[in-house]
Amino acid sequence: MPSPFPGMNPYLEQPDAWHDFHQSAIIAMRGMLTPQIRPKYFAQVDTDLYIHEMPDDERRMFAKADVSVAHGSDESEVAPAGAPATAPARARLPAVVEELHENYIEIRDRESRALVTVIELLSPTNKYAGADRQQYLSKRREILKSSANLVEIDLLRGGPRMPLEDSPQSDYLIVVSRASQRPEVDLWPLALRDRLPSIPVPLGQSDADAALDLQEVLHQVYDAAGYTDYIYNNPPQPRLPAEQQGWVNEILAGSSMP
């Protein structure tokens with residue numbers, strides 16, 4: 001069944017649901033766009049890689065030594081023929097490094113393969129201060145300096161917004177930056193109760209925009225993933241103001257939740 005909320009579902013922002021929603025929504029967006037843009041253009045899913053290394057103290061605790069050697073109690077003892085051999089040395093694996101993969105969409109010209117439009121669905125990785133945000137901001141600057149359009153979809157209440165002059169206060173924000181109109185951008189500031197819009201996805205200057213219905217994307221992913229079964233066990237993250245939480249509780253009470 002579809003999400004019970006008229007717009008964004010605030011329970012999807014919790015850590016154990018967001019990454020799955022993000023990756024699935026990107027695939028659903030590509031599926032919605034492809035029939036509209038072919039055959040002149042094609043949409044492909046690409047991935048940003050974020051590397052999270054362990055802190056120094058955890059790294060030392062996990063790998064105290066690069067190599068250690070252990071011997072049996074009696075080095076002269078010889079194993080019977082055919083018996084499993086005892087390994088002459090032991091080692092420890094290096095510290096685990098976490099890799100986070102975040103999908104996005106590139107629309108390219110079929111003939112020239114030129115990049116036409118980038119569609120980004122922001123994640124906490126992009127929004128909160130640190131190396132990951134700086135990595136995304138660097139990529140964003142390169143896109144904005146190029147001839148490619150940028151569609152940036154922020155459906156997260158948590159974390160600071162991306163740099164933008166005169167940005168209005170809102171729960172969510174969608175930015176469409178057409179290469180031909182920079183530095184001006186089109187904005188969709190959204191409140192929690194607002195339906196997610198159908199936004200234009202710019203292509204080449206001589207071509208009509210494609211349409212991306214974000215509310216329909218959310219309903220498709222929500223239904224396919226079965227989020228109803230597990231995302232409502234805890235309050236939304238970040239916590240909602242009391243007035244908004246009261247409205248959310250009314251929505252859930254009136255829906256056919258299991």
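Me: Where is R30 found?
Reply: This is a predicted model, in which local features need pLDDT of at least 70 and side-chain atom pairs count only at pLDDT 80 or more, while totals for chains, interfaces and linings use all residues. Residues are numbered from 1 along each chain as its sequence is written, and side-chain values use heavy atoms, with hydrogens and water left out. Helices (H or I, at least four residues) and strands (E, at least two) are DSSP runs, numbered from the N terminus. On that basis R30 is found in helix α1.

Me: Is R30 buried or exposed, or does it count as partly exposed?
Reply: Buried means under 20% relative accessible area, exposed means over 50%, and partly exposed is in between, with a 1.4 Å probe and protein chains only. The relative accessibility of R30 is 27%, so R30 counts as partly exposed.

Me: Which residues does R30 touch, not counting residues up to four places away in sequence?
Reply: Contact means heavy atoms within 4.5 Å. R30 and I107 are 77 residues apart in sequence, with 9.3 Å between their C-alpha atoms. The residues that R30 touches, not counting those up to four places away in sequence, are A43, Q44, V45 and I105.

Me: At what angle do the axes of α1 and α5 cross?
Reply: Axes are lines fitted to C-alpha atoms, for helices over the stretch in contact, and angles run from 0 to 180 degrees between N-to-C directions. Helix α1 covers residues 15–37 and helix α5 covers residues 214–225. Their axes come within 9 Å and cross at roughly 125 degrees.

Me: Why is α1 described as it is relative to α5, and what is the term?
Reply: Angles under 35 degrees count as roughly parallel, over 145 as roughly antiparallel, 65 to 115 as roughly perpendicular and the rest as oblique. The axes of α1 and α5 cross at roughly 125 degrees. That makes α1, relative to α5, oblique.

Me: Which residues of α5 meet α1?
Reply: On the α1 side the residues are D20, F21, S24, A25, A28, M29 and M32. They meet, in α5, L214, E216, V217, L218, Q220, V221 and A225.

Me: How many nonpolar residues has the contact of α1 with α5?
Reply: Ala, Val, Leu, Ile, Met, Phe, Trp, Tyr, Cys and Pro count as nonpolar, Asp, Glu, Lys and Arg as charged, and the others, Gly among them, as polar. By these classes the contact of α1 with α5 has 2 polar and 2 charged residues. Its number of nonpolar residues is 10.

Me: Which residues is Q14 in contact with, leaving aside its neighbours within four places in sequence?
Reply: Q14 is in the segment before α1. With a relative accessible area of 5%, Q14 is buried. Leaving aside neighbours within four places in sequence, Q14 is in contact with I231 and Q237.

Me: What separation have the C-alpha atoms of Q14 and P238?
Reply: P238 is in the loop between α5 and α6 (242–254), and a cis peptide bond with omega of about -10 degrees joins Q237 to P238. Q14 and P238 are 224 residues apart along the chain. Their C-alpha atoms are separated by 8.0 Å.

Me: Which residue does a cis peptide bond join to R182?
Reply: The bond has an omega of about 10 degrees. The proline concerned is in the loop between β7 (172–177) and β8 (186–190). The residue joined to R182 is P183.

Me: Is D166 buried or exposed?
Reply: D166 lies in the loop between β6 (149–154) and β7. Its phi is positive, about 60 degrees, although D166 is not a glycine. The relative accessibility is 75%, so D166 counts as exposed.

Me: Which residues is E120 in contact with, leaving aside its neighbours within four places in sequence?
Reply: E120 is found in strand β5. Its relative accessible area is 4%, so E120 is buried. Leaving aside neighbours within four places in sequence, E120 is in contact with D48, Y104, Y136, K139, L150, V151, E152 and I153.

Me: How many strands has the protein chain?
Reply: Buried residues make up 40% of the 258 residues in the protein chain. The chain has 6 helices, and its strands number 10.
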